[in-house]
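Hi,

Here is the structure I promised to send over. My notes on what turned up in it follow below.

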Amino acid sequence: MLDFFNKKENIDEKRNKLKRELIPNHIAIIMDGNGRWAKKRHLPRIAGHKQGMETVKNITKVASNLGVKVLTLYAFSTENWKRPDKEVDFLMELPVKFFNTFVHELIENNVRVNVMGYIDMLPKKTQKAVYDAIEQTSNCTGMILNFALNYGSRDELAQMTRSIAQQVANGEIVPEAIDEQLIARNLQTSFLGDLADPDLFIRTSGEERISNFLLWQIAYSELVFTDTLWPDFNEQTFMEMIKEYQKRDRRFGAIKK
Ligand code: FPP
């Protein structure tokens, strides 16, 4: 019991130490390490993904309470189709499970769901779960929970290029009109407007790679890595990452005044 109270006090202390005015508006996370978490416990890989889903629920609530405006989570990449069928099937079932069991809490927390990626290529049941959740949370005005599902950044950039090339071919714009703003407006994050670029980019599990995630958008993100495996990631670890972010000196290419 004493342990419980000590732990609680620690979390409260950590929360109080965060500078409220420096909470990142947009946090993007590569949730890595589910497989290794399961392997360490002699469990099938899918057990790691199931536990990873519980972490998503927890971190969504924590982020929303801290005042984060956008939380973008890499749930399935365009490269993840290379995994065994059984694992892919399980990963496709996860959004169904997640929204079935959690959408009421998302609404209670005023969290709006959004999804980016090639949703039309997902199984019909997954698509329905995703579109239902978007619809059910459409009146929420708090944090945006943005899932990258069947998302790949190079693919996104290729699609943006095709779209702009088509606009030029149609005579709608001249090549000189292509600037950073136009590119941003043709990416899948355009609906986020000024919040499209993550302030903080986190990857768990000790890997230090970008893995085709938001290549354009992270140009000036602060990158923070942790050895913690995603299923073990919790409020405490999350706050440590934010604390590390708050120590960084963001200059966006300029010099300090
Ligand atoms: C990477 O770990 C994780 C994934 C490819 C899937 C991420 C999915 C979740 C965290 C579940 C939540 C999803 C929803 C939609 C709620 P890995 O399997 O590559 O781990 P490893 O590197 O240890 O093998």
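This is a predicted model: local features need pLDDT of at least 70, side-chain atom pairs count only at pLDDT 80 or more; totals for chains, interfaces and linings use all residues.

Residues are numbered from 1 along each chain as its sequence is written, and side-chain values use heavy atoms, with hydrogens and water left out.

**Overall picture**

The protein chain has eight helices and six strands. Reading from the N terminus, the elements go α-β-α-α-β-α-β-α-β-α-α-β-β-α. The C-alpha atoms fill a box of roughly 70 × 55 × 35 Å along the principal axes. For 257 residues, a compact globule would have a radius of gyration near 18 Å, and the 19 Å of the protein chain agrees with that. (That radius is taken over C-alpha atoms, and the globule rule is 2.2 Å times the number of residues to the power 0.38.)

Buried residues make up 47% of the 257, where buried means under 20% relative accessible area, exposed over 50% and partly exposed in between (1.4 Å probe, protein chains only). As for contacts (heavy atoms within 4.5 Å), take those between residues at least 6 apart in sequence: 77% of them join residues at least 24 apart.

**The sheet**

Six strands form an open sheet, in the order β3-β4-β2-β1-β5-β6, with parallel pairing. Two strands count as paired if DSSP finds at least two bridges between them. β3 (112-116) and β6 (222-225) are the edge strands, each pairing on one side only. From one strand to the next, the twist averages 20°. Helix α5 (residues 124-136) packs on the sheet and touches β3 and β4 (144-151), and its direction makes about 140° with that of β3. For that angle, axes are lines fitted to C-alpha atoms, for helices over the stretch in contact, and angles run from 0 to 180 degrees between N-to-C directions.

Here is how the strands are joined:

- β2 and β4 pair in parallel over seven bridges, and F76 has L149 in β4 as its bridge partner.
- β1 (residues 26-30) and β2 are parallel and joined by five bridges; L73 in β2 is the bridge partner of I29.
- β1 and β5 also run parallel, with four bridges between them, and I30 stands opposite R203 in β5.
- β5 (residues 200-203) and β6 pair in the parallel sense over four bridges, with E222 in β6 as the bridge partner of L200.

In β2 (residues 70-77), seven of the eight residues are buried. In β5, L200 and I202 point one way, F201 and R203 point the other way, and all are buried.

**The cores**

By nonpolar core I mean a set of buried Ala, Val, Leu, Ile, Met, Phe, Trp, Tyr and Cys residues joined through side-chain atoms within 4.5 Å. The largest one has 49 residues, and those with the most contacts inside it are I27, I29, L71, F98, F99, L106 and F238. Helix α4 (residues 85-108) gives the most to this core, at 11 residues. Beyond its neighbours within four places in sequence, L106 is in contact with T60, F98, F99, V111, V113, T137 and L145. There is also a second, separate core of 10 residues, which includes A148, Y151, F213 and L214.

**Two residues to look at**

Back to A148: with a relative accessible area of 0%, A148 is buried. A148 and L73 are 75 residues apart in sequence, but their C-alpha atoms are 5.9 Å apart in space.

And how about T237: buried or exposed? T237 is buried, at a relative accessible area of 7%. This residue is in helix α8 (residues 235-247) and, with neighbours within four places set aside, is in contact with T226, T228 and D232.

Cheers

Key: Helices (H or I, at least four residues) and strands (E, at least two) are DSSP runs, numbered from the N terminus.
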